[in-house]
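Thanks for coming, everyone. Let me put the structure up, and then we'll walk through it.

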Amino acid sequence: MNTADPTQLLKEIFQIQHMERGKLTIMRQGPEGPYYKLQGWENGRNFSRYVSRDQADLVQEALDGYRRFRELTEQYAQALIDQTRAELAA
């Protein structure tokens, strides 16, 4: 199987500086621009908070960071699973 190097995956994970869960949506358009809301689940409950226009890009970057974190940890787990299976088969 062709899997990524676990050490390289960990290095990529450590480079993620900001994370946030949820989804950023535009609530409505105002005369000065859009109004944003961040929604998601945390501790088994729905949360919703308003995000100012000047923070919307940073929040989206944090959401992208969390998505990337999840992708990388899944790849890391699969790499270790493949390694374990190879060791057991040997």
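**Contacts of Leu 72**

Start with Leu 72. Set aside the neighbours within four places in sequence, and Leu 72 is in contact with Leu 9, Glu 12, Ile 13 and Ile 16. Keep in mind that this is a predicted model.

Where does Leu 72 sit? Its place is in helix 2. Is Leu 72 buried or exposed? Its relative accessibility is 1%, and buried means under 20%, so Leu 72 counts as buried. Now pick out Gly 40, 32 residues apart from Leu 72 along the chain. The C-alpha atoms of the two are separated by 21 Å.

Stay with helix 2, which covers residues 53-89. Go to Leu 88, which lies in this helix. Leu 88 has a relative accessible area of 69%, and exposed means over 50%, so this leucine is exposed. Then find Arg 28, 60 residues apart from Leu 88 along the chain. How many Å separate their C-alpha atoms? The separation is 56 Å.

One more residue in helix 2: Asp 82. Asp 82 is buried, yet it has no salt bridge. Which side chain of opposite charge is nearest? That is Arg 85, and it is 4.7 Å away. A salt bridge has to fall within 4 Å. What does the side chain of Asp 82 make a polar contact with? The partner is the side chain of Gln 78, at 2.8 Å.

Now the strands. Strand 1 is residues 23-30, and strand 2 is residues 33-42. They run antiparallel, with seven bridges joining them. For a landmark, take Gln 29: it stands opposite Pro 34 in strand 2. How many residues lie between strand 1 and strand 2? Two, and the two strands form a hairpin.

On to strand 3, residues 45-51. Strand 3 pairs with strand 2, again over seven bridges in the antiparallel sense. Look for Tyr 36; its bridge partner in strand 3 is Val 51. Strand 2 and strand 3 also form a hairpin, with two residues between them. Which residue in that turn has a positive phi? It is Asn 43, at about 55°.

Let me recap. Among the strands, we have seen a hairpin of strands 1 and 2, and a hairpin of strands 2 and 3.

How values were computed: Residues numbered from 1 in each chain as written. Predicted model: local features only at pLDDT ≥ 70, side-chain atom pairs only at ≥ 80, totals over all residues. Heavy atoms only, no water. Helix = DSSP H or I, 4+ residues; strand = E, 2+ residues; numbered from the N terminus. Buried < 20%, exposed > 50% of the residue type's maximum accessible area, 1.4 Å probe, protein only. Lys, Arg positive; Asp, Glu negative; His and termini not counted. Polar contact = N/O pair within 3.5 Å; in protein donor to acceptor, adjacent residues only side chain to side chain. Pairing = 2+ DSSP bridges. Contact = heavy atoms within 4.5 Å.
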